[in-house]
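The chain and its model are shown here.

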Amino acid sequence: MYVTLVHVNVQKEHVAEFIAACRGNHENSIRESGNRRFDILQSRDDPARFVLYEAYDSAESAAAHKNTTHYARWRDTVAAWMAAPRQGVGYNGLFPA
């Protein structure tokens, strides 16, 4: 499994808008071929910090996500709300297999 954890720090005044934009990206991403999970996590300690847990069955499926209309819409919508550049960290998913 090909997993990316995307760490996002949002400007506090845009948290609600960011969450709304993520809903659309999530709902479309989970319908993609090759998608295993697409979770949006919000920090309990700092509501402006998020982690997007993206799991795909292959690197190719994950790359195809970046070419979807819903990803481009999300990326362009949230860009100005970032308190810092988002950071994606790649992992090999071991379990579940």
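## Strand pairing and basis

S1 and S4 pair in the antiparallel sense over 6 bridges. Two strands count as paired if DSSP finds at least two bridges between them. Thr 4 has Gly 90 of S4 as its bridge partner. Strands (E, at least two residues) and helices (H or I, at least four) are DSSP runs, numbered from the N terminus.

This is a predicted model: local features need pLDDT of at least 70, side-chain atom pairs count only at pLDDT 80 or more, and totals for chains, interfaces and linings use all residues. Residues are numbered from 1 along each chain as its sequence is written, and side-chain values use heavy atoms, leaving out hydrogens and water.

## Open and buried strand positions

Strand S4 spans residues 87-92. The number of its 6 residues that are buried is 0, so S4 lies largely in the open. Buried means under 20% relative accessible area, exposed over 50%, and partly exposed in between (1.4 Å probe, protein chains only).

Asn 35 sits in strand S2, residues 35-42. Asn 35 is buried, at a relative accessible area of 15%. Beyond residues up to four places away in sequence, Asn 35 touches Ser 29, Ile 30, Ala 55 and Tyr 56. Contact here means heavy atoms within 4.5 Å.

## Nonpolar core

The largest nonpolar core has 15 residues. Such a core is a set of buried Ala, Val, Leu, Ile, Met, Phe, Trp, Tyr and Cys residues joined through side-chain atoms within 4.5 Å. Those with the most contacts inside it are Val 8, Val 10, Phe 18, Phe 50, Leu 52, Trp 74 and Val 78. S1 (2-9), H1 (15-29), S3 (49-56) and H3 (69-78) each supply at least two of its residues. H1 gives the most, with 4 residues.

## Helix H3

His 70, Tyr 71, Trp 74 and Val 78 of H3 are buried. They cover an arc of only 100° around the axis, taken from the directions to the C-beta atoms, which puts them on the same side of H3. Thr 69 and Asp 76, on the other side, are exposed. The cover over the buried residues includes H1, S3 and helix H2 (59-65).

## Aromatic pairs

The structure holds 3 aromatic pairs. Rings of Phe, Tyr and Trp (its six-membered ring) pair if their centres lie within 6.5 Å; planes under 30 degrees apart are stacked, over 60 edge-to-face, the rest tilted. Phe 18 and Phe 50 form a tilted pair, 4.7 Å centre to centre with 50° between the planes. They lie 32 residues apart, in H1 and S3.
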